[in-house]
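Please keep the structure in view while reading.

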There are 2 protein chains.
Amino acid sequence: MFESAELGHAIDKQVFDAEAPALREALLEAQYELKQQSRFPVIVLINGVEGAGKGETVRLLNEWMDPRLIQVSTFDVQTDEELARPPAWRFWRQLPPKGSIGVFFGNWYSQMIQGRVHGHFKNAVLDQAIDGALNLEQMLCDEGALIFKFWFHLSKKRMNARLKELQDDPQRSWQISPLDWQQSKTYDKFVRYGERVLRRTSRDFAPWYVVEGTDEYYRSLTVGRILLEGLQAALKAKTRPTPQPHVAPLTASLDERDLLNSLNMQLALSKDDYQKQLDSEQARLATLMRDKRMRRHALVAVFEGNDAAGKGGAIRRVAAALDPRQYRIVPIAAPTEEERAQPYLWRFWRHIPARGKFTVFDRSWYGRVLVERVEGFCAPADWLRAYGEINDFEEQLSDAGVVLVKFWLAIDQDTQYQRFKEREQIPFKRFKITEEDWRNRDKWPAYREAVGDMVDRTSTTIAPWTLVEANDKRFARVKVLRTINDALEAAFRGD
Amino acid sequence: MFESAELGHAIDKQVFDAEAPALREALLEAQYELKQQSRFPVIVLINGVEGAGKGETVRLLNEWMDPRLIQVSTFDVQTDEELARPPAWRFWRQLPPKGSIGVFFGNWYSQMIQGRVHGHFKNAVLDQAIDGALNLEQMLCDEGALIFKFWFHLSKKRMNARLKELQDDPQRSWQISPLDWQQSKTYDKFVRYGERVLRRTSRDFAPWYVVEGTDEYYRSLTVGRILLEGLQAALKAKTRPTPQPHVAPLTASLDERDLLNSLNMQLALSKDDYQKQLDSEQARLATLMRDKRMRRHALVAVFEGNDAAGKGGAIRRVAAALDPRQYRIVPIAAPTEEERAQPYLWRFWRHIPARGKFTVFDRSWYGRVLVERVEGFCAPADWLRAYGEINDFEEQLSDAGVVLVKFWLAIDQDTQYQRFKEREQIPFKRFKITEEDWRNRDKWPAYREAVGDMVDRTSTTIAPWTLVEANDKRFARVKVLRTINDALEAAFRGD
């Protein structure tokens, strides 16, 4: 979920200086229009990793906009007044009225995540708090509020680097707060529970925006633009108060950095290395599948990827390691008549393996947010809600002991072109290439965006995506097998 | 929540025999139309108290409709196949395809309620299960499904009477199942957790219908009619698949019995009895409010009622018992400008008392489902969602130790007429009667319905409604004071 916010997004100071004035003016104008209309309040929730620029961003917004119409609230220690009343009372009393903007630091999310990180309660109670937050937000939106939820993110490495840098600089070491030190110890937990919270509370009426906090220019422009676009859309909409889906991505990228173009497509294996590593990973898989701890688990592998990325070949190398009674390969093509008469996920649920078994999905439930989205086979509302449904589905699998590995086999456009051409040449491969495959190439950018959104929204600690550099088939096959083996071993260790 | 389903609803055999054939024909026709269109599936969930006629009703539906297009599933002990997979798999495999009806006995709700009743888990885990159910239903509805959720209810008294009757009859005693005996012991818990589940899962896209199961004719006609109306509306709607709010009451009443006309309006107190009881209840309240256990609680009393029902007088008798520093009276009239700029519940949240204190609301947040609903001051969608928001609000109060008592002061139309006339005569009371009061009398039936719905949807174990027979002011005042005192004592006992 945070992969895209760990790429080191950054923009130049010049770009920032060129863009900021116009953004600032537009934000001010939107703010006055908001006041003028006084039809709805705006609530901005600020959360995320310490040191990712939360405070600086809010300071900047106050500088850019009219601070008389922004009211910043922090919620740390409760006052006597607050302690004597139900917990939500402190939030209610700080709600911004229609026409103005309330920025909530240390809001309901901070409290529940900190509570879980420090072991004050377990997941069930966390989930109750999550429900409470969702009910509150749903109600606020039903009453017309426009809610922005920002998660400022830093990778662990960058957070530690930042702390080290500050510490080594006598002039700036005072900037490190006790919270920073604490979080450097609890980072993993903080991010894990943060992810659980984001996954369950990213709804169409109040989605999360994950913003990488490394670079101040990138961070400021990103937040400013998201606010501006959301505000402008809401000011124009006639139908408020009714919840307005922001049809916005989980992360907004201003620079050209995304997950797919951050892959090193040169990765390759020599024939010898390939054979050795393949043999060893296949033997490892066969052993793991026979391990008696496998009785408590099932294995599901999802294969998605560009056309001609080598899904079939990779699946064959996985299958080759196993007894055919242990696994089933389920190719997903157009749904049958029976499947069309059922909810979307039904055709996948029916193939969920029993404990001890392994199912390979050659394409999968991700079709809805890939091909169906890009080709317009379903309405935007359908693929937008699919992210949440899929996360929920996969959580149910994971809760039942299913080990889930998901692969996106990525090739570049040149490699695909060569492979298409080859297929046309080789008689027994000719059936694998159609006019449609050529047509799909035109939609490369659309697929690229869909893949990015898919990974951002559905790569979770319980079911992470593995992006496989597949220009070299040998490298891809070994990486696939190794990933499956690592996932199984991790699950066995966790038992 | 179950008050309306404990009134002993019944209809005559003749009425049933006269109405059943037409209903049956219409249901069959709707069923064929459903098949014809094959646009969406119908899922009927059957839950409730043992012995309330669940099985008989489903048998009857099968008899009335075409059983080839109804598929009844029961989910008791899991099979090996099911045990080897995630828990939801068993429900997915039984989903009815588009065009047909699936009746689910012993579904997800039975399992979570039984688990909680038998102490296998606490509320937090129950709430997780509730979330899972809501997510599943939301997804099914988004995919076009039409869901009916029936709760068959029997009061404890009636359930025990029924068991006794069967037991004493050697020819029928075999009809008693072990489940029946078990439930006679766990009735209170079953209904308490059942209420929690209903409260949290009654959503516009899949509301609950509570049906009293005492009388088979009443029960059958009620269920048949709800199904028919829901089906016909869905078959006509062009917009499926999108969730369609059934704008239907929680309970449907075919007979003329409702909560308000079940009150004994003759109840009265003599002057002497009144003075004695009033003195004693006032002393009791004063003592309770000074009790040191009051430091862990706050008290909120809500007064609603017909015009001229005597709210003001009752509130004065409550206040008379107390030190003015202990309580505040908040009269709710038209919202101020500041309040209009905030979400609906804001103006009530701001007056929530600190621990140790007492707030009296003279009219309250129920305005939305009473006057605003009846007068059309808000859209149906707004008052429909208000029930859930209010339950959520009151649960937050209760969780924080607030003792909540809610009164509906009921008078009959004659009494109101007399009091209006009196007010016109007495100079210092003349300000209390306006043209509008006279106009409101015309809306008596609409208010009556709104009150019934309000009590059905918001009378909960944590915040029950007390209907006060208020034709006699003396009786009403004493009942109000006694109810407050009993609630405080119960809360103190529970500490």
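## A charged pair within one helix

In this predicted model, the side chains of B:Glu389 and B:Arg385 meet in a salt bridge, with 2.6 Å from N to O; a salt bridge here is a side-chain nitrogen of Lys or Arg within 4 Å of a carboxyl oxygen of Asp or Glu. The two residues lie 4 residues apart in helix H15 (residues 380–399) of chain B, so about one helical turn separates B:Glu389 from B:Arg385. An α-helix has 3.6 residues a turn, so residues three or four places apart point the same way.

B:Glu389 counts as buried at 13% relative accessibility, and B:Arg385 is likewise buried at 17%, where buried means under 20% relative accessible area, exposed over 50%, and partly exposed in between (1.4 Å probe, protein chains only). Helices are DSSP runs of H or I with at least four residues, numbered from the N terminus.

## Basis of the values

Residues are numbered from 1 along each chain as its sequence is written, and chains are lettered from A and ligands numbered from 1 in the order in which they are written. Because the model is predicted, local features need pLDDT of at least 70 and side-chain atom pairs count only at pLDDT 80 or more, whereas totals for chains, interfaces and linings use all residues, and side-chain values use heavy atoms, with hydrogens and water left out.

## Where the chains meet

The contact, meaning heavy atoms within 4.5 Å, takes 45 residues from chain A and 45 residues from chain B. The area buried between the two chains is about 3,800 Å², of which carbon and sulfur atoms give 54%; this is the accessible area (1.4 Å probe) that two parts lose on being put together, summed over both.

Across the interface of chain A and chain B there are 6 salt bridges. One joins A:Glu143 to B:Arg368, with the closest N and O atoms 3.2 Å apart. On the side of chain A that touches chain B, at least two residues each come from helix H4 (89–92), helix H6 (123–142), helix H13 (346–349) and helix H15 (380–399) of chain A. H6(A) gives the most to this side, with 10 residues.

Which residues form the salt-bridge network that includes A:Glu143 and B:Arg368? The linked residues are A:Asp142, A:Glu143, B:Arg368, B:Glu372, B:Asp382, B:Arg385 and B:Glu389.

Over all chains the structure holds 77 salt bridges. In one of them, A:Glu375 pairs with A:Lys443, the closest N and O atoms being 2.7 Å apart. This pair links distant parts of the chain, 68 residues apart: A:Glu375 is in the loop between helix H14 (371–374) and H15 of chain A, and A:Lys443 is in the loop between helix H17 (435–441) and helix H18 (444–458) of chain A. A:Glu375 is partly exposed, with a relative accessible area of 23%, and A:Lys443 is partly exposed at 30%.

In chain B, the side chains of B:Lys156 and B:Asp188 meet in a salt bridge of 2.8 Å, N to O. B:Lys156 belongs to helix H7 (residues 156–168) and B:Asp188 to helix H8 (residues 178–201) of chain B, 32 residues apart. B:Lys156 counts as partly exposed at 33% relative accessibility, as does B:Asp188 at 44%.
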